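Work through the exercises below with the model open. Try each task before reading its solution.

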Amino acid sequence: MAYRVFVRNWWRWETDRSGMRRLVPDPRARKTTLHPRVKTEEEAQELCQAYNSTHKPGPLSRKAEYEDR
């Protein structure tokens, strides 16, 4: 089985009717591919851990994840 490693934001900014900005979940966030084909799940986990340990997630919680292809 092959896996795809990608990054995406978990949150997005939204402005309500009163003009207040707040963070809301973003289930449709764009996924940016880091590695298109990884052979094992262990390798995909290692790549995600390496990315997440060297990149700050910021207010939108941008983190690496993986999915099977």
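**Exercise 1. Classify Arg12 by relative accessible area, then find its salt-bridge partner.**

Step 1. Arg12 has a relative accessible area of 35%. Buried means under 20%, exposed over 50%, and partly exposed in between (1.4 Å probe, protein chains only). Arg12 is therefore partly exposed.

Step 2. Its salt-bridge partner is Asp26, with the closest N and O atoms 3.8 Å apart. A salt bridge needs a side-chain nitrogen of Lys or Arg within 4 Å of a carboxyl oxygen of Asp or Glu.

Step 3. Arg12 sits in strand β2 (residues 11–15) and Asp26 in the loop between β3 and β4 (32–38), so the pair ties together parts 14 residues apart in sequence. Strands (E, at least two residues) and helices (H or I, at least four) are DSSP runs, numbered from the N terminus. Asp26 is buried, at 18%.

The model is predicted: local features need pLDDT of at least 70, side-chain atom pairs count only at pLDDT 80 or more, and totals for chains, interfaces and linings use all residues. Residues are numbered from 1 along each chain as its sequence is written, and side-chain values use heavy atoms, leaving out hydrogens and water.

**Exercise 2. Which residues are linked with Arg12 in a network of salt bridges?**

Step 1. Glu14 pairs with Arg22; their closest N and O atoms are 3.0 Å apart.

Step 2. Glu14 is partly exposed at 25%. Arg22 is partly exposed at 44%.

Step 3. The network links Arg12, Glu14, Arg22 and Asp26.

**Exercise 3. Is Arg8 buried or exposed, and which residue is its salt-bridge partner?**

Step 1. Arg8 is buried, at 13%.

Step 2. Arg8 bridges to Glu65, with the closest N and O atoms 2.6 Å apart. This pair joins strands β1 and β5, 57 residues apart.

Step 3. Glu65 is buried too, at 15%.
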